[in-house]
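Trainee: I have a model open and have not looked at it before. Can we go through it piece by piece?

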Amino acid sequence: MFEHLKEQPKDKILALMQAYKDDPRDTKIDLGVGVYKNPQGVTPIMRAVKEAERRWWDEETTKAYTGLAGDPAFTDAMINLVLGNSVARDQFSAVATPGGTGAVRQAFELVRMANPEARVFVSDPTWPNHLSILKYLGMETIMYRYFDNASGGVNFGGMMEDLGQVRKGDVVLLHGCCHNPTGANLNMVEFKAVIDLMNEKGAIPMIDIAYQGFGDGLDEDAAATRAVAAGCPETLIAASCSKNFGIYRERTGLLMAVAQDKSMQAIAQGNLAYLNRQNYSFPPDHGARLVGIVLNDDDLRADWKAELEEVRKGMLSLRTQLADELQKLSGSDRFGFLAQHRGMFSRLGASPDQVEKLRADHGIYMVGDSRLNIAGLNKDTVPVLAKAVVEVGI
Ligand code: LMR
């Protein structure tokens, strides 16, 4: 049987992680996979998460199964974190999933179950795993223009023109904040125009929100998701706790389905639970439990928010430092977009050859499309990167 299997292409982001590990140079800089690192190059366990873990060690009395939807203390707290008061609680259903990727996968499967003809519109570019999961599921995928290489911003005109082709029942995948891989985001006026267009066409928005709190703040980063959920008859939302709680390996995420028609809530909830059962039965509990404990305790929540703010501000100051340094060394303002972008990533605008030169000659690792992880830098490595960028002629 196994002889019928084909070799699978390597995931580019994960292959880069391995190549970095294998590089013996001690001056190497990892700007690849989207993992936060503090100035010492460590991905820390957040204080509140550690404390929640201590408490849970004492309080946990059983390892018996949870429900198919996961722990309600987690789902309710996350719904509140992502959606605030934008929609009434009886309008949406939610299940815990293994990470944001699990939520994305379940959302696509739900779309396919509901409407096998649905086409999924994704931004060009988008997180490569969106494309790979859609392909694996055999779902028709159409890219809409998104990033403008020349300005480093969003090509909003091109995006709206391309979204003009959506048909009733198609799904439009949007990044709630901190666009991965470009770092370029729609403003709220643009988001509202997208909402109007989707409503006019009868398309269903799906939001992937994996970096809430990494851009402009927790509420600010959720504003677009809330506007879409409140403004469209149906919305799917895949949220991740990997980054903002720093619990990458715990695999903690949430899939929400919002319906304006309340009678749809129970049917959506049943289908989400059914999908969990088919794919892995019960979602992982440990990370979800920690998030529930943190969000439901005033002190832990306040401490988590404070630490997340430090992380966010640290990334913003690295962005400004990098843009300034590049301005100084290149004598041009063409890298100013780095300070405008939000989240962990920015697309630098380098060719694959230049990206390869950065790796080979300077030990600087970024994804082949020149996506760099700002959080992989610190104030000492920013000038090293800036010098290398100018040297390879970007
Ligand atoms: C990334 O984009 O680097 C992260 O979301 C990690 C991953 O799984 O690709």
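Predicted model: local features only at pLDDT ≥ 70, side-chain atom pairs only at ≥ 80, totals over all residues.

Trainee: Is Arg-167 buried or exposed?
Mentor: Arg-167 counts as exposed, because it has 11 C-beta neighbours inside 10 Å. Residues are numbered from 1 along each chain as its sequence is written.

Trainee: Where does Arg-167 sit?
Mentor: Arg-167 is in the loop between H6 and strand S7 (171-175). Helices (H or I, at least four residues) and strands (E, at least two) are DSSP runs, numbered from the N terminus.

Trainee: Changing topic. Which residues are around the ligand?
Mentor: They are Ile-13, Val-33, Gly-34, Trp-127, Asn-129 and Asn-180. Near here means that the C-beta atom, placed from the backbone, lies within 6 Å of the molecule or strand.

Trainee: How do they divide by class?
Mentor: The shell has 3 nonpolar, 3 polar and no charged residues. Ala, Val, Leu, Ile, Met, Phe, Trp, Tyr, Cys and Pro count as nonpolar, Asp, Glu, Lys and Arg as charged, and the others, Gly among them, as polar.

Trainee: Why does the ligand lie between the domains?
Mentor: Domain 1 (11-45 + 300-391) and domain 2 (65-296) both give residues to the shell, so the ligand lies between them. The domain bounds come from an automatic or database domain assignment.

Trainee: How many Å separate the centres of the two domains?
Mentor: Taken over C-alpha atoms, the centres of domain 1 and domain 2 are 26 Å apart. The contact between them takes 27 residues from domain 1 and 29 residues from domain 2. Two residues are in contact if their C-beta atoms, placed from the backbone, lie within 7 Å.

Trainee: Which element gives the most on the domain 1 side?
Mentor: H11 gives the most to the side of domain 1 that touches domain 2, with 7 residues. By class, that side has 13 nonpolar, 6 polar and 8 charged residues.

Trainee: Back to Asn-180. What kind of peptide bond joins Asn-180 and Pro-181?
Mentor: The bond is cis, with omega about 25 degrees. Pro-181 is in the loop between S7 and helix H7 (188-201). The peptide bond from Asp-124 to Pro-125 is also cis, and Pro-125 is in the loop between strand S3 (120-124) and helix H5 (128-136).

Trainee: Why mention those?
Mentor: Because most peptide bonds are trans, and most residues other than glycine have a negative phi.

Trainee: Which residue has a positive phi, then?
Mentor: Arg-251 is one of them, with phi near 60 degrees. Arg-251 counts as buried, because it has 21 C-beta neighbours inside 10 Å. Ser-281 has a positive phi of about 60 degrees, but Ser-281 is exposed, with 9 other C-beta atoms within 10 Å.

Trainee: Last one. How many helices and strands are in the chain?
Mentor: The chain has 14 helices and 13 strands.

Notes: Buried ≥ 20, exposed ≤ 12 C-beta atoms within 10 Å, placed from the backbone.
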